[in-house]
Amino acid sequence: QSNAMWGGRFAAGPDAIMEAINASVSFDKRLAAQDIAGSRAHAAMLAETGILSPTDAEAIRNGLCTVLSEIEAGDFAFSTALEDIHMNVEARLKDLIGEAAGRLHTARSRNDQVATDFRLWVRDQIDAAMSGLEALIRALLAQADAGADWVMPGFTHLQTAQPVTWGHHMMAYVEMFGRDMSRFADARVRMNECPLGAAALAGTSFPIDRHMTARALGFDRPAANSLDAVSDRDFALDFLSCASICAMHLSRLAEELVIWSSAQFRFVALSDRFSTGSSIMPQKKNPDAAELIRAKIGRIFGANVALMTVMKGLPLAYSKDMQEDKEQVFDAADTLMLALAAMEGMVRDMTANRPALEAAAASGFSTATDLADWLVRALNLPFREAHHVTGTLVALAEKRNCDLPDLRLEDMRAVHPGITAEVFGVLGVHNSVASRVSYGGTAPEQVRTQIGRWKERLG
Ligand code: ARG
């Protein structure tokens, strides 16, 4: 038989394949709570404006509460024949309260309904992402605080560049994740407008109050244009873009943890709670959580591209293509929350290996720049010449298989006669980091200032 919700002009029901391609309830049931909240706000507004009688409004309100508790308790029979969550809820409401249920859809369409539900869902995910980020930032801050003056090699091209502090490296990620938080906050402000009351696309002739429903659902205002309200999904794309950038940051940190926890680096020891073993090699302790974060972020990038592709070229207003928005966003959101939680756990539990960090910092001629700078300052050499002299000294040390501080003064003076014993003061890694006092630099005092600013910001 034809569909009870829209089958008036149909003589036959859908083919099984039609039903299979059309139905979305298997996934959009995740919008149940938002759908019912939206319906409750809509019904209250219809009563307030005199479109719905107080008796019907009361029956609808109570009925919707029952439906929600049935769904939450897990004893709700979702039906594919009823397509989506919206019609499943309405059909169950009709079972419970009878004909009054049919009045709920006055001045409303599934088009503004789904746009509203999905915005509410995405808004919750933005809030969840922001708290996940805050927890991760706090874990990084604790690491930075503990090792604000521990020296480690800083890299470019993954080759030893200049010594930095552990705290400085941790705080670099704090800045990145902090920008991710502010991106989510911006997206939230932009998306917080209510589509409800846009109806199918043109608005409605009923005397509704869109400001009332917007307020009831925590939106800042009703969306200004009914066509835009039902056909825009850029709020979801904003979420996916913010999520993608955040995921990219997570993946970079994950990659560093994989490298740092290797036997060749030993910069950090991951906790047992966030590592796994090998079924054949008894010695193994693998950084699987970091690897999975690194890999899983591909799903988030993929969702972003997939939804962009769904939306490109769609004429206004609603097209069924847009039903394909949800699974992508659901999966991306689940992946992001899991990755944030796993990263927070790993960072919180890991132990930085201070002796290994400091030993690595001193190798690889990491203070060559300090030496060149000293030649400029003490001997007034042009930087280019100082660079050349230092390069010659590095080559000499390399030939002797030693580090720069191990060279003898007379050997250095053979390269440049102006060099004095004072030079040894700048060749140590602690002196090197202590000297980088420029704003935002790696000197422990600068790092502590950065940490202090963030602690104040998070309260
Ligand atoms: N399940 C649909 C979606 O997710 C709801 C809106 C359907 N509207 C329509 N006119 N068929 O987009």
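Predicted model: local features only at pLDDT ≥ 70, side-chain atom pairs only at ≥ 80, totals over all residues.
The UniProt record, an unreviewed entry, annotates residues 8–302 as "domain: Fumarate lyase N-terminal".

Two packed helices are described by the angle between their axes and the distance between the axes. Helix α3 covers residues 32–48, and helix α4 covers residues 54–73. Their axes come within 10 Å and cross at roughly 175°. Angles over 145 degrees count as roughly antiparallel, so α3 is roughly antiparallel to α4. On the α3 side, the contact is made by Ala-32, Ala-33, Ile-36, Ser-39, Arg-40, Ala-43 and Ala-47. Helix α4 contributes Ala-57, Ile-60, Arg-61, Leu-64, Cys-65, Val-67, Leu-68 and Ile-71. Twelve of the contact residues are nonpolar, one is polar and two are charged.

In soluble globular proteins, nonpolar side chains tend to be buried together. The largest nonpolar core of the model holds 93 residues. Within this core, Trp-166, Phe-184, Leu-250 and Met-343 touch the most other members. Helix α10, residues 234–260, gives the most to the core, with 15 residues. Met-343 is in contact with Leu-136, Leu-250, Leu-253, Ala-254, Leu-257 and Ile-293, leaving aside its neighbours within four places in sequence. A second core is separate and has 21 residues. Among them are Ala-368, Ala-386, Leu-404 and Leu-427.

Definitions and conventions
Residues numbered from 1 in each chain as written. Heavy atoms only, no water. UniProt positions renumbered as here; feature names shortened; annotations may be inferred. Axes fitted to C-alpha atoms, helices over the stretch in contact; angles between N-to-C directions. Helix = DSSP H or I, 4+ residues; strand = E, 2+ residues; numbered from the N terminus. Parallel < 35°, antiparallel > 145°, perpendicular 65-115°, else oblique. Contact = heavy atoms within 4.5 Å. Nonpolar A, V, L, I, M, F, W, Y, C, P; charged D, E, K, R; others polar. Core = buried A, V, L, I, M, F, W, Y, C linked by side-chain atoms within 4.5 Å. Buried < 20%, exposed > 50% of the residue type's maximum accessible area, 1.4 Å probe, protein only.
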